[in-house]
Amino acid sequence: MGDEHRVLRQKTDLLSYAYDASFGLFVPDVVCQVKNVKEVSEIVKLANEEKIPVTPRGHASGLSGGSLPVEGGIVIDVSLWNDVLEIHKDDMIAIVSPGVITADIDRAAKKVGLMYPPDPSSSNVSTIAGNLAENSGGPRCLKYGVTKDYVLGLQVVTPEGHIIRTGGRTVKNVTGYDLTKLIVGSEGTLGIITEATLRLIPRPQATLSLMAVFDDIVQAGYAITDVLTSGILPSKIEFMDQSSIRAVESYYPMGLPIDAEAVLFIELDGHPLAIRDEADSVYKLMAKAGALHIKKAENSEEEAEMWKARKLVSPAIARHKPTKISEDATVPRSQIPAFLKRLREIKHKFDIDLVVFGHAGDGNLHPNILCDQRDREEMEKVEKAVTAIFEAAIDLGGTLSGEHGIGIMKKAFMPMEFDHFSLEMMKRIKEAWDPNGIMNPGKIFPKPNDRLVLKQ
């Protein structure tokens, strides 16, 4: 592979690759820190011949276990491979190496008046290859769509070690099967992404944000649907329940209404005159929907402070108990009030510490359960509650995951959403691409009698 110091075999090094931001500890046999496509191809060819499991990995900020080497073998770490970040203004594209930090793409695009819209919460630490593998979302996807909507082409090393290109540099491309879309969101099970060509769009001239406070969590859900059916499309509508409001206020006091049942944060973007009119309309809609208090950010400092509250939810609630189970079940927008009601019922039924926040504008809520993994009795309740959350989402016409992926955390629930033949077709695709089953094995597809186990 060239540089021997990029091949890690020491136990201390291997342990640092045994976990991600989800659950479980799986130690690889060796780690290869790759820096070019030839290295990846040679490693994968050897692994395929010897039938050694291969797990691609970026900065391991994933929440479903996608980068965990559950069957040992080789971890291919792309996090050091960040040498290419090209912005082509005239074509409105970016060409990037797999280890480039996602937020850096948007920062580079901003310098020439463009924007890379996908903005997962981890964008300041996550690699673009990881975002592509998981088809990550974020607050802005309400208006702009998710990662897959911005991928024009990829360079990929297949499970047999071949280097292929999919798509290209053009916005329109219907030549052959769309392998680009197949790879994006496949969670590293069909190959290793080694380069991406991404679509950029013009950056909006201005933003304007509002905060609306409600004394009824379900009523806040109805307020969201009122906005979305009004003809106005905000760039973000984010939600915080009372538990997350209180956690943030305790963690970083900023005057949040701790007695409120729910708070909505709404961002509008576009031409300054247009969003001023839209803000007035949203203000009236919130008032009509029963908001107790509505605050409009008067300047960029107030706007930044407003969104800081939402960004602090995860670190704030993590202080409460040592274990945090982060889910991202998603429902159709019209079912947001019903889903919030079901989550409230689940919280009381299982007597769990459930905190709800997330991207409410597109139905992608993040029910987080705070618990202690060392407490077996509590974890048994949590396992049942997670199942109930997924059942509620599916009942309401939703899906197991909006942006975190399936990985190992949700694969047991796949038959809940897909019939036998739908899963079988996915498996056939996997087998065709990866005949020896070496690429990120143990992910997505459930085994007989699989179930979620969170107890130690």
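A pocket, as used here, is an open set of grid points where a 1.4 Å probe fits, with protein on both sides within 12 Å along at least five of seven lines. In this predicted model, the second largest pocket holds about 850 Å³ of space.

- The lining of the second largest pocket is made up of 35 residues.
- Those nearest the centre of the pocket are Asn-135, Val-184, Gly-185, Glu-187 and Ser-401.
- By residue class, the lining divides into 15 nonpolar, 11 polar and nine charged residues.
- Three helices, namely H6 (179-183), H14 and H15 (420-433), each supply at least two residues of the lining.
- Of the contributors to this lining, H15 gives the most, with three residues.

- Ser-401 sits in the loop that runs between helix H13 (376-395) and helix H14 (414-417).
- Ser-401 counts as buried because its relative accessibility is 16%, and the limit for buried is under 20%.
- The side chain of Ser-401 makes a polar contact of 3.1 Å with the side chain of Asp-328.
- Setting aside residues up to four places away in sequence, Ser-401 touches Asp-328, Thr-330, Ile-406 and Lys-410.

**Asn-440, after H15**

- Asn-440 belongs to the segment that follows H15.
- With a relative accessible area of 2%, Asn-440 is buried.
- The side chains of Asn-440 and Lys-443 are joined by a polar contact of 2.5 Å.
- Beyond its neighbours within four places in sequence, Asn-440 is in contact with Val-54, Thr-55, Pro-56, Gly-66, Leu-68, Glu-187, Gly-188 and Thr-189.
- One of these contacts, Glu-187, is also among the residues nearest the centre of the second largest pocket.

- Strand S18 (residues 364-371) is largely enclosed by the rest of the structure, because eight of its eight residues are buried.
- In a regular strand, side chains alternate between the two faces of the sheet.
- In S18, one side carries Asn-364, His-366, Asn-368 and Leu-370, and the other carries Leu-365, Pro-367, Ile-369 and Cys-371; both faces are covered.
- Strand S16 (residues 323-326) pairs with S18 in the antiparallel sense over four bridges.
- Within that part of the structure, Thr-323 has Cys-371 in S18 as its bridge partner.
- Strand S17 (residues 353-359) also runs antiparallel to S18, and seven bridges join the two.
- Opposite Val-355 stands Asn-368 in S18.
- S17 and S18 form a hairpin with four residues between them.
- In the turn of that hairpin, Gly-363 has a positive phi of about 75°.

**Gly-24, in a loop**

- Gly-24 lies in the loop between helix H1 (11-15) and strand S2 (30-33).
- At 41% relative accessibility, Gly-24 counts as partly exposed, so the value falls between the limits of under 20% for buried and over 50% for exposed.
- Not counting residues up to four places away in sequence, Gly-24 touches Ala-18, Tyr-19 and Leu-68.
- Leu-68, a contact of Gly-24, is also in contact with Asn-440.
- Gly-24 and Asn-436 are 412 residues apart along the chain, and their C-alpha atoms are separated by 25 Å.

Note on methods. Residues are numbered from 1 along each chain as its sequence is written. This is a predicted model: local features need pLDDT of at least 70, side-chain atom pairs count only at pLDDT 80 or more; totals for chains, interfaces and linings use all residues. Side-chain values use heavy atoms; hydrogens and water are left out. Buried means under 20% relative accessible area, exposed over 50%, partly exposed in between (1.4 Å probe, protein chains only). A polar contact is a pair of N or O atoms within 3.5 Å; within protein, one must be able to donate a hydrogen and the other to accept it, and residues adjacent in sequence count only if both atoms are side-chain atoms. Contact means heavy atoms within 4.5 Å. On a 1 Å grid over the protein atoms alone, a cavity is a set of points where a 1.4 Å probe fits but cannot get out, and a pocket is an open set with protein on both sides within 12 Å along at least five of seven lines; lining residues have an atom within 4 Å of a point. Grid points are joined across faces, edges and corners, and a volume is the space filled by probe spheres set on the points. Ala, Val, Leu, Ile, Met, Phe, Trp, Tyr, Cys and Pro count as nonpolar, Asp, Glu, Lys and Arg as charged, and the others, Gly among them, as polar. Two strands pair if DSSP finds at least two bridges between them.
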